[in-house]
Amino acid sequence: MNKAFVKESEGDDDDLEFGLPPIPPGTKNYMTPAGYQRMKDELLHLIDVDRPEVVKIVSWAASNGDRSENGDYIYGKRRLREIDRRIRFLTKRLDLAEVVDPSVHHGRDQVFFGATVSYQNSAGEEHTVTIVGIDELDPLHGKISWISPVARALTKAHEGETVTFMTPAGLDELEILTVSYPEP
């Protein structure tokens, strides 16, 4: 069937394509100022540097004649589609972003968005995590999303409290050891 008659989706699957969970319906896309700036910088780099370079390559390749067997043209067009998809994704996420500065909670012992929390689980293992936005998560470096089960269990608890949450192995208890926020 001709592509002109096929309705493409509105790009809602862009979230899954980039390995990020979709934003839960009815919620905001909370981000730290640093996370927002990183995404904005990536968007501007794609628009100002990467895309013009690829357009130049595709234009040059198209001027060489037969496009059906022209690798520079074919792969350039594919790369251009990837860049445009990423630009669309970043634009949507930045439009929905609600920047929350965690430094306003500096000195408090209650867990909110942006907190760095050290806790001990029931097995006696200590972990330190920072609660960040969906687009900023990096579990290998201790950055967890505010929608994760651990973050939800920790949110609004105070230093010294014990919270419970459901894991695949059953209920687990987390004792909050320290709560800290960046300085203003």
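R51 has a relative accessible area of 28% and is partly exposed, a class that lies between buried (under 20% relative accessible area) and exposed (over 50%), as computed with a 1.4 Å probe on protein chains only. The structure is a predicted model, in which local features need pLDDT of at least 70 and side-chain atom pairs count only at pLDDT 80 or more, while totals for chains, interfaces and linings use all residues. Residues are numbered from 1 along each chain as its sequence is written, and side-chain values use heavy atoms, with hydrogens and water left out.

In one of them, R51 meets D84 with an N to O distance of 2.6 Å. Because D84 belongs to helix α3 (residues 71–96) and R51 to helix α2, this pair ties together parts 33 residues apart in sequence; helices (H or I, at least four residues) and strands (E, at least two) are DSSP runs numbered from the N terminus. D84 is likewise partly exposed, at 24%.

A further salt bridge joins R38 and E136, whose closest N and O atoms are 4.0 Å apart. This pair links distant parts of the chain, with R38 in helix α2 (residues 33–62) and E136 in the loop between β4 (126–132) and β5 (143–145), 98 residues apart. R38 is partly exposed at 47%, whereas E136 is buried at 8%.

Within helix α3, E82 and R79 lie 3 residues apart, about one turn of the helix, and form a salt bridge of 3.5 Å, N to O. E82 has a relative accessibility of 36% and is partly exposed; for R79 the value is 36%, also partly exposed.

Definitions and conventions: Salt bridge = Lys/Arg side-chain N within 4 Å of Asp/Glu carboxyl O.
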